[in-house]
Every structure is written in structure tokens, then in C-alpha cells.
Amino acid sequence: MASYFEEHDCEPGVPEEQYRQNALLELARTLFNGMDIELASADFTDWDHRLPPPAAKRAVQSLPKAIITGAQADKGLKCPVCLLEFEEEQTALEMPCQHLFHSDCILPWLGKTNSCPLCRCELPTDNEEYEEYKKDKARRQQQQHRLEYLHGAMYT
Ligand SMILES: [Zn+2]
Ligand SMILES: [Zn+2]
């Protein structure tokens, strides 16, 4: 069952979100090209500024496989990581956001972090600390929305 906030995360974001998404894709491609990068380096101090931990193995293993249809191939549907067009009847892995990737492209990525490099839609992780943080963040957002709603109700 997807919560409001998970769905919200999958929506196309505002420009700064867009920037972060592009940065993620950039990282995913770097990984695909075999260049090793230290994702958790730099001065990231909390989960707000760190890439989430790897996706839980169980979640990755249960990602559905999708067979590329003729129509998708005709449209020139590409794997967002390697930018190669899919061929008809090729097998791709489908993320919960319905974005499709070559398994060779997305699996190394999910071994580093849990979110879709295209839209940051998240898979569950095995990291308790992070899962706690996620719940906490959802609660804080909920409070924030509530406050904005009250504010709107009072001043309009
Ligand atoms: Zn690919
Ligand atoms: Zn996605």
C-alpha cells in the first residue's frame, strides 16, 4: 500500500527537485560506466543530504520483469541509465514507478541506493535507522501540511 507521501515522491518535482534528479541520473551513469564513486562522501551530515541506503535484497528480487513491446520499441523507449533504446522482446526490470531499466544498469545502482535514478521513487531498505528517518519525515511533512492548511483556512 503506497502512502500519500510515497506517491508524492514519485511525482515530477519542482525545479530544484529536478536538479537533484538529474544529479542522481548522472551518478547512475557514472556507476554504469564503471567509474567508482564514493556516494556517501563529502560533508553530508544527515539523510536529508545523503543518498538513501541500498534497496533491500528482497525488494530488488521481487521487482517485476517487463518484456518490451513492439510499440515501446517503436517509440524509441530508452533505458535512462545507459541511454540505449530497448529492443522488442528485450527483458527490462520495472520499478514501482513503472520506469524501465536494463537489469545490468539498475541492479548495481540499487546496490548503492534505494531510489529510482529517474524520479527518486523509493524501494524499502534493510536499514532500520533510515526507515525510522523516513517515518519521521512523513510525520513532519504531515504536520507541515496541516499547518499550511490551517493557515490557508484562517487567511482566505
Ligand atoms: Zn541500460
Ligand atoms: Zn522512476
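Reply: Start with glutamate 132, which is partly exposed at 43% relative accessibility. Buried means under 20% relative accessible area, exposed over 50%, and partly exposed in between, with a 1.4 Å probe and protein chains only. One caution: this is a predicted model, where local features need pLDDT of at least 70, side-chain atom pairs count only at pLDDT 80 or more, and totals for chains, interfaces and linings use all residues. Residues are numbered from 1 along each chain as its sequence is written, chains are lettered from A and ligands numbered from 1 in the order in which they are written, and side-chain values use heavy atoms, with hydrogens and water left out.

Me: Which side chain meets glutamate 132 in a salt bridge?

Reply: First, the criterion. A salt bridge is a side-chain nitrogen of Lys or Arg within 4 Å of a carboxyl oxygen of Asp or Glu. Here the partner is lysine 135, at 3.4 Å from N to O. Lysine 135 is partly exposed too, at 48% relative accessibility.

Me: Where do lysine 135 and glutamate 132 sit?

Reply: Both are in helix α6, residues 128-155. Helices are DSSP runs (H or I, at least four residues), as are strands (E, at least two), numbered from the N terminus. Lysine 135 and glutamate 132 are three residues apart, so about one helical turn separates them.

Me: How many salt bridges does the structure hold?

Reply: Five. Aspartate 136 takes part in one with arginine 139, where the closest N and O atoms are 3.4 Å apart. This pair also lies in helix α6, three residues apart, about one turn. Aspartate 136 is partly exposed at 34%, and arginine 139 is partly exposed at 47%.

Me: What is the N to O distance between arginine 140 and aspartate 136?

Reply: It is 3.5 Å, and the two side chains form a salt bridge. Arginine 140 and aspartate 136 are four residues apart in helix α6, again about one turn. Arginine 140 has 42% relative accessibility and is partly exposed. Elsewhere, salt bridges that share partners join Glu122, Glu131 and Lys134 into one network.

Me: Now the cysteines. How many disulfides does a search of the whole structure find?

Reply: The test is a pair of cysteine sulfur atoms within 2.5 Å. The search finds zero disulfides.

Me: Are cysteine 79 and cysteine 105 buried or exposed?

Reply: Cysteine 79 is buried, with a relative accessible area of 0%. Cysteine 105 counts as buried as well, at 5%.
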